[in-house]
Structure formats: structure tokens, C-alpha cells
Amino acid sequence: MKVAIYARVSTTDQNYEGQLEELNALAERSGWEVVEVYSEKISGTKATEDRPELKRMMHDAKLRRFEKVVVWSVDRLGRSMRNLVLVLTELKDSKIDIFSYKQAIDTSTAMGSMFFQFLGIFSEFENTIRKERQIVGIRKAKERGVRFGRKPTTEAQIAKIQWMKRNGASIRAICKEVKVSPNTVYSALASNI
């Protein structure tokens, strides 16, 4: 069986050599052929597109360059449940199995497949809880008088925008000086007409 090894540590002062040593030994004991090793020093909370080696591995998975991804631990693939489920789903869609050494999870087995499905359920549950918390938090903030959205433009800002434009300033210069967006400048100038 052709496998890929993925190893990750979060900071530059950490070392993934121990992971690679153990995973290569596991592959040898299991009779797996390691066709590629992907290793990086980057936070697991980052999205796939922000992690070059994970992105490269996912691309190679779509090309079916290997049949299984071997990792030290499931959290090496992703620290957030959302990112982890996205990676696992994409690998599953490419018919690539995952073996996690530390948790002894192999998605090619019935138990590993069941665990994979549980991850999806937990991810959906986590999203629902987060949305409920956001709704409650926004409602409570509004009750305390917190305003959401852009800050209103003050009369002083409008006067300065109009004065600067009359004196030949460009829209970009006005935005920079008054610290407002171009839309705010255009609105302030339109109110002067």
C-alpha cells in the first residue's frame, strides 16, 4: 500500500523529527511504501490554503498518488473541528484513508469509519452551539446599547471632507486625512450639492 506521511509542529522551535521517525517505523512494520513525506512548522488552526505542505498533500491526494495518509495524531491535520472535518472529508471524497498513530484510528476499518462520522456530527453540533452563542451575545450587546456596523460620520468630518475637496484635494488624500472610506467621502460630497 502506498502511503503519505504528514507531520506538523506549531512553532519553529519545535521539532517534528520524532513524529517522522515513529511514522516511518510504523510504515515499515506494516509493509507500507512511503511515497511522500509532508512536514511543516505552522499552526494547526490555519486553513488548508495557508498551510503549504497540507495544501500540497491535498492536491496529491486528488491525483491518487497514495492510498492512505499516516499522521502522528488527528490534531496534526487540524486544530479546529471545522478545519479537521474539511480535511478528512476531502480525503474521504478522494478515497484516501487516514491512519492516526496516537489514537489508533484507521478510516479503512469499520470503527475508524464510525469515528469519522462522529467527527462530522460533533462539527455540526459545534457550529450550532457557536451560532446560538453569537445570537445571544449580539442581543445582549444591543440591550447594553452597543452599536453594530460603521461609525456614523460626524458633522466635523463632513465639513472637513467638503472643505478639502473645494481646495483641490483628491478623494484618496481626503480618505487618508479624515480616515474614512471613499464611499463616505462621496456621500459627504453629495450632501453638499
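This is a predicted model: local features need pLDDT of at least 70, side-chain atom pairs count only at pLDDT 80 or more; totals for chains, interfaces and linings use all residues.

Colleague: How many aromatic pairs does the rule give?

Modeller: The count comes to three aromatic pairs.

Colleague: Why is the pair of Trp-32 and Phe-99 called edge-to-face?

Modeller: The ring centres of Trp-32 and Phe-99 are 5.8 Å apart, and their planes stand at 70 degrees. Pairing asks for centres within 6.5 Å, and edge-to-face for planes over 60 degrees apart, so this pair is edge-to-face.

Colleague: What makes this pair a tie between parts of the chain?

Modeller: Trp-32 belongs to the loop between helix 1 and strand 2, while Phe-99 is in strand 4, so the pair links parts 67 residues apart in sequence.

Colleague: How do you know whether Trp-32 is buried or exposed?

Modeller: Its relative accessible area is 16%, and buried means under 20%, so Trp-32 is buried. For Phe-99 the value is 14%, so this residue is buried as well.

Colleague: Which label goes to the pair of Tyr-38 and Phe-66?

Modeller: Edge-to-face, with 6.2 Å centre to centre and 65 degrees between the planes. Tyr-38 lies in strand 2 and Phe-66 in the loop between helix 2 and strand 3, so the pair ties parts 28 residues apart in sequence. Both Tyr-38 and Phe-66 are buried.

Colleague: Where does the charged end of Lys-41 sit?

Modeller: Over the ring of Tyr-16, 5.8 Å from the ring centre; the distance cut-off is within 6 Å.

Colleague: Why is Glu-33 called partly exposed?

Modeller: Its relative accessible area is 45%. Buried is under 20% and exposed over 50%, so Glu-33 counts as partly exposed.

Key: Residues are numbered from 1 along each chain as its sequence is written. Side-chain values use heavy atoms; hydrogens and water are left out. Rings of Phe, Tyr and Trp (its six-membered ring) pair if their centres lie within 6.5 Å; planes under 30 degrees apart count as stacked, over 60 as edge-to-face and the rest as tilted. Helices (H or I, at least four residues) and strands (E, at least two) are DSSP runs, numbered from the N terminus. Buried means under 20% relative accessible area, exposed over 50%, partly exposed in between (1.4 Å probe, protein chains only). A charge sits over a ring if NZ of Lys or CZ of Arg is within 6 Å of the ring centre and within 35 degrees of the ring normal.
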